[in-house]
Amino acid sequence: MEKAKITVQANVNAPLEKVWDYYTQPKHIVNWNFADTSWHCPAAENDMQVGGTYKARMEAKDGSNGFDFEAVYTEINEHKSFSYEFGGRIATVTLQNLNQQTLVTVTFDPEDENPIDMQQIGWQMILNNFKSYTEAS
């Protein structure tokens, strides 16, 4: 039986083009791509094209833990949405222009190791970091 997808959202107080750039450019990704302030994202690469690879390193600031996230783009609609595959799972990010705000929606396949609510909270915290960073920059 296929698990239901998980969805997280944030309404970012910034125009669509800025939100797209901050979400997809490595120079910005390293500033928001972590769920907790005790973690950071020291490196990110993004080859934003179908078949291109996205890579990000997430690790605890104290060096106690870390992992590499890698995904391959399966679909890209510039300034609207993109999808990527990672470890047999799919995630889709959609951006909706709401005047000077942008609604960012991330929908993804859950993994099997952690409870659904924990996965949703973690991805929501990353998206909240993105919102805070984008609005403050």
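1. A quick word on terms: helices (H or I, at least four residues) and strands (E, at least two) are DSSP runs, numbered from the N terminus. The model is predicted, so local features need pLDDT of at least 70 and side-chain atom pairs count only at pLDDT 80 or more, while totals for chains, interfaces and linings use all residues. Residues are numbered from 1 along each chain as its sequence is written, and side-chain values use heavy atoms, with hydrogens and water left out.

2. Have a look at His 28, which sits in helix α2 (residues 26-29). His 28 is buried, at a relative accessible area of 10% (buried means under 20%, with a 1.4 Å probe and protein chains only). Setting aside residues up to four places away in sequence, His 28 touches Asp 21, Tyr 22 and Tyr 133 (contact means heavy atoms within 4.5 Å).

3. Now for the strands: β2 (residues 39-46) and β3 pair in the antiparallel sense over 6 bridges (a pair needs at least two bridges found by DSSP). Across this pairing, Glu 45 stands opposite Lys 55 in β3. The two strands, β2 and β3, form a hairpin with 6 residues between them, and Gly 51 in the turn has a positive phi of about 90 degrees.

4. Which elements each supply at least two residues of the lining of the largest pocket? They are β3 (53-60), β4 (66-77), β5 (81-86) and α3 (116-136), and α3 gives the most, with 6 residues.

Technical notes
Buried means under 20% relative accessible area, exposed over 50%, partly exposed in between (1.4 Å probe, protein chains only).
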